[in-house]
Amino acid sequence: DYAATPEELQEHFKSCGGINRITILIDKFSGTPKGYAYIEFCDDEGVHNAVMLNGSLFRGRQLKVCQKRTNTPGIKGKGKGKKGKVKGKGKYNGWYGPWRSKAKGKGKNKQVGKGYGAPY
């Protein structure tokens, strides 16, 4: 049952301290809740008190409460990088794939895409 409201979450976490904002994440395609939320507290003590509610029951379900991690500026981790880009002078050239080669040179036997080891 993912039909929790921000008011219900505020009631559950009010003993932890002042709450600035409650954000319930919703799937943008179906419009249904994803099953988790972010609660922003006024101070750090509220965060630590909320973490102590980890494992508590809310609407018949066991909650998993953890502090949101923050990104450290200047430290690069695994992220979305350029995937599939090959630099340099390799055999890979566009849509021909690594097993095909562009036919180069002149002659009547010029066959594009029928290089060494072509699967078809």
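Guide: Start with one term. A residue is called buried when its relative accessible area is under 20%. By that rule, buried residues make up 16% of the 120 residues in the chain. Keep in mind that this is a predicted model.

Visitor: What makes up the secondary structure of the chain?

Guide: The chain has 2 helices and 4 strands. Along the sequence they follow the pattern α-β-β-α-β-β.

Visitor: How much of the surface do carbon and sulfur atoms supply?

Guide: The chain exposes about 10600 Å². Carbon and sulfur atoms supply 51% of that area.

Visitor: What share of the contacts comes from residues 24 or more positions apart?

Guide: Take the contacts with a separation of 6 or more. Residues 24 or more positions apart account for 31% of them.

Visitor: Why is a group of residues called a nonpolar core?

Guide: The name applies because its members are buried, belong to a set list of residue types, and are joined through side-chain atoms within 4.5 Å. The largest such core here has 11 residues: L9, F13, C16, I19, I22, F41, V47, A50, F58, L63 and V65. Helix α1 (6-13), strand β1 (19-26) and helix α2 (44-51) each supply at least two residues of this core. In soluble globular proteins, nonpolar side chains tend to be buried together.

Visitor: Which residues does L9 touch, beyond its sequence neighbours up to four places away?

Guide: L9 touches I22, I24, A37 and F58. L9, I22 and F58 are listed in the core.

Visitor: What is the volume of the largest pocket, and what lines the pocket?

Guide: The volume is about 1100 Å³. The lining has 31 residues, and the closest to the pocket centre are Y36, A37, Y38, I39 and K64. By class, the lining has 18 nonpolar, 4 polar and 9 charged residues.

Visitor: Which element gives the largest share of that lining?

Guide: Strand β2 does, with 8 residues. Elements α1, β1, β2 (33-41), α2 and β4 (61-62) each supply at least two residues of the lining.

Visitor: Why is E40 called partly exposed?

Guide: E40 has a relative accessible area of 34%. E40 is found in strand β2. Beyond neighbours within four places in sequence, E40 is in contact with I19, N20 and R21. The C-alpha atoms of E40 and I19 are separated by 5.9 Å, though the two are 21 residues apart along the chain.

Visitor: What makes the phi of R59 worth a remark?

Guide: R59 has a positive phi of about 55° although it is not a glycine. Most residues other than glycine have a negative phi. R59 is found in the loop between β3 (57-58) and β4. Its relative accessibility is 37%, so R59 counts as partly exposed.

Visitor: How do you know that L53 is not buried?

Guide: Buried means under 20%. L53 stands at 22% relative accessibility, so L53 counts as partly exposed. L53 is found in the loop between α2 and β3. Leaving out residues up to four places away in sequence, L53 touches H12, F13, C16 and V65.

Conventions. Residues numbered from 1 in each chain as written. Predicted model: local features only at pLDDT ≥ 70, side-chain atom pairs only at ≥ 80, totals over all residues. Heavy atoms only, no water. Buried < 20%, exposed > 50% of the residue type's maximum accessible area, 1.4 Å probe, protein only. Contact = heavy atoms within 4.5 Å. Areas by Shrake-Rupley, 256 points an atom, 1.4 Å probe, with all protein chains shown as cover. 1 Å grid on protein atoms, 1.4 Å probe; cavity = no way out; pocket = protein on both sides within 12 Å on 5 of 7 lines; lining within 4 Å. Points joined across faces, edges and corners; volume = space filled by probe spheres on them. Nonpolar A, V, L, I, M, F, W, Y, C, P; charged D, E, K, R; others polar.
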